[in-house]
Amino acid sequence: MQETFVRAEFDRMAAEWRYIMTDMICRAGSGHLGGALSLVEIVMTLYYRVMRTDPAQPRAAERDRLVLSKGHAAPVLYLALAYKGFFPMDWLKTLNADGTRLPSHADARYVPGIDMTTGSLGQGLACACGAAYAARLDGQQHRVYCIIGDGESNEGQIWESALFAGHHKLDNLIAITDYNKLQIDDFTDKLLTLEPLRDKWRAFGWEVFEMDGHDWDSIYSTLQAARAVRGKPVMVIAHTIKAKGCCVVENKPESHNIKVPDQAAYDKFMNAMTTKTALPY
Amino acid sequence: MGTDLHKKEMRFVYGETLNELIAQNPNVMCLEADLSKASGTNPTVLNKYPANFLNVGVAEANMISLGAGLASEGKVPFCASFTCFASRRVYDQITISVAYANMNVKIVGTAPGITAGPNGGTHMCFQDLAIMRAMPNMTVLSPCDAYELRACLRWMAAHRGPVYMQLIRMLQPQVFDDGCQFAIGKAVRLRAGGSITLVSTGYMTPFALQAADELAKEGVAVDLLHCPSVKPFDAEALVASARRTGGVVTVENQSILGGLGGAVCEILGEYHPVPVKRLGVPDQFGEVASEAYLFEKHGFGVKHIKQACRDITARSRK
């Protein structure tokens with residue numbers, strides 16, 4: 001899967017995703033903005049340049065899988081799936097609305113193209129290990145991608161999975177840590193430091209890469225290198241900025257779950273967007 | 001000709017039945033968390049189907065979510081550990097990765113209740129039926145002998161959806177035979193009588209049978225409903241029986257809060273209130289002790305079942 005990369009086009013699309021996502025969350029009255037905005041370039045690169053997916057056959061056996069272990073970042077996944085044609089663009093405005101098919105956390109039961117239901121932190125990486133292990137048993141060639149959070153990496157189950165994947169040398173598993181350095185209550189370094197993060201994953205038997213999670217070239221070349229690794233699972237530590245593109249909360253703890261009680265708050269967040277675009281619904 | 005299944009420890013019946021299920025469906029998998037010998041799958045499954053056997057180490061949370069990942073790819077994982085670790089330790093993993101996501105994962109809690117024996121209070125889980133029953137999408141089973149265990153496992157492999165099953169590891173008295181058919185959501189009437197309804201499940205059913213037979217000699221005719229399917233529960237059979245007898249006793253190898261007794265009281269309270277006595281462990285933790293000691297301390301051995309049946313029969317006749 002490789003679509004032609006036109007930088008200006010990707011820049012434009014990234015700005016649209018950020019603007020639409022912020023509108024979706026503001027319409028819903030609240031939501032996990034920061035950790036979705038930090039993933040825009042990574043998720044777009046996965047869906048447009050790296051992963052093999054087919055909106056006409058969302059459950060095709062040979063597709064690459066993506067487990068969004070930090071399930072609260074689901075809006076960025078919804079943008080990718082809507083843009084790729086997995087479901088109508090109209091659905092986007094229904095985030096968290098009564099009876100919606102797009103709940104706050106990623107849900108494989110309702111959303112075509114979502115491979116795993118997530119939302120309770122720490123579990124998605126283990127699910128991804130299971131999917132990767134099954135693929136190996138069945139002799140399938142696809143890869144399983146998994147995005148975990150830095151705050152999520154406080155969970156003990158992440159490290160159970162780290163042991164498992166390292167022991168079983170799951171080289172069809174590529175995990176990405178959205179290292180935006182913030183969790184709900186504070187900066188990760190102040191609350192419960194993950195450092196030295198690279199050394200930790202390496203010690204668990206993983207090949208480790210680091211990349212600038214907002215730089216198209218860095219993301220693409222790192223993921224290509226990750227796909228070439230044999231005999232080990234891969235952890236890509238993505239240095240990102242939480243709430244990137246929404247200046248009133250960018251790189252601030254309060255970006256995690258914004259509250260939008262009224263029109264004034266809506267205007268505050270929307271006016272804070274670095275780039276304004278049209279809404280598709 | 002019978003298979004003499006009841007002459008085998010239940011855990012070995014578990015391992016052998018898994019092999020039978022794997023032979024029929026290569027997607028069936030055996031997951032363990034460093035207790036595979038205790039579960040009876042090592043060496044039985046490990047030697048015969050090494051590719052279907054996955055030991056994740058002492059990492060039960062990982063085993064459950066990993067099972068969900070395997071299930072998302074069409075595998076049918078049976079994940080076993082002691083009940084305390086297979087239920088309460090991993091309650092959120094089962095809730096979200098398995099039940100909420102509606103993944104086809106089978107969870108097997110071994111050494112339920114007082115059968116944890118010498119491992120004592122830390123390992124005696126008295127609440128797994130209650131907490132698993134409270135979970136949407138979850139089916140909860142507790143077979144009483146080797147034949148019923150095998151029938152339950154066959155049903156679990158054929159059923160698409162999350163299931164939790166208690167597995168008694170040791171030899172169990174024979175209740176059924178090779179003809180045993182498991183019917184989901186159905187109680188099995190082991191004795192028919194009009195004096196009192198006695199409801200049991202899993203480990204306590206052979207004791208309930210003994211109590212019923214001894215009571216029959218006293219002229220107390222017990223309507224004994226064995227309920228391998230704790231959820232869904234056979235409300236119809238329970239209410240029909242209670243209408244005839246006017247009183248109900250429940251007995252389980254669990255806390256009296258929320259499990260089998262809880263299910264019975266919920267149904268009777270709503271549809272046909274009658275006097276009820278729940279036997280099992282009151283609101284207490286377990287301890288290292290013999291079965292006789294624990295039955296005596298908590299009051300749910302054969303003599304207590306008999307006494308409760310007499311008491312409720314007398315009350316319901318007033």
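Predicted model: local features only at pLDDT ≥ 70, side-chain atom pairs only at ≥ 80, totals over all residues.
Two strands count as paired if DSSP finds at least two bridges between them.

In chain B, 5 strands line up as an open sheet, in the order 7-9-8-11-12, and the pairing is mixed. Strand 7 (188-191) and strand 12 (276-281) of chain B sit at the edges with a single partner strand each, so one side of each has no neighbour in the sheet. Going from one strand to the next, the twist averages 25 degrees. Further in, strand 8 (residues 196-200) and strand 11 (residues 248-255) of chain B are paired in the parallel sense, over 4 bridges. One spot to look for is B:Leu198, whose bridge partner in strand 11 of chain B is B:Val249.

Strand 4 (residues 173-179) and strand 6 (residues 234-239) of chain A run parallel and are joined by 6 bridges. Among the residues involved is A:Ala175, with A:Met235 as its bridge partner in strand 6 of chain A.

Side chains of opposite charge can pair when their charged atoms come close. Over all chains, a search of the whole structure finds 27 salt bridges. In one of them, the side chains of A:Arg18 and A:Glu41 meet at 2.8 Å, N to O. A:Arg18 belongs to helix 1 (residues 7-28) of chain A and A:Glu41 to helix 3 (residues 40-50) of chain A, so this pair ties together parts that are 23 residues apart in sequence.

A few backbone details are worth a look as well. The peptide bond joining A:Glu195 and A:Pro196 is cis, with omega about 0 degrees. A:Pro196 is in the loop between helix 7 (188-191) and helix 8 (197-203) of chain A. Chain B has a cis peptide bond from B:Lys231 to B:Pro232, again with omega near 0 degrees. B:Pro232 sits in the loop between strand 10 (229-231) and helix 10 (235-245) of chain B. Back in chain A, A:Asn96 has a phi near 65 degrees, a positive value in a residue other than glycine. The loop that holds A:Asn96 runs between helix 4 (74-84) and helix 5 of chain A.

That leaves the place where the chains come together. Here 23 residues of chain A are in contact with 23 residues of chain B. About 1,900 Å² is buried between chain A and chain B, and carbon and sulfur atoms give 55% of that area. A:Arg109, A:Gln123 and A:Glu160 supply 24% of what chain A buries against chain B, more than any other three residues. There are 2 salt bridges between chain A and chain B, including one in which the side chains of A:Arg65 and B:Glu73 meet at 2.6 Å, N to O. Polar contacts between chain A and chain B come to 12 residue pairs, with both residues at pLDDT 80 or more. On the side of chain A that touches chain B, helix 5 (124-137) and helix 6 (156-167) of chain A each supply at least two residues. Helix 5 of chain A gives the most, with 8 residues. Sorted by class, this side of chain A has 9 nonpolar, 8 polar and 6 charged residues.

How values were computed: Residues numbered from 1 in each chain as written. Chains lettered and ligands numbered in written order. Heavy atoms only, no water. Contact = heavy atoms within 4.5 Å. Buried area = accessible area lost by both parts, 1.4 Å probe. Salt bridge = Lys/Arg side-chain N within 4 Å of Asp/Glu carboxyl O. Polar contact = N/O pair within 3.5 Å; in protein donor to acceptor, adjacent residues only side chain to side chain. Nonpolar A, V, L, I, M, F, W, Y, C, P; charged D, E, K, R; others polar. Axes fitted to C-alpha atoms, helices over the stretch in contact; angles between N-to-C directions.
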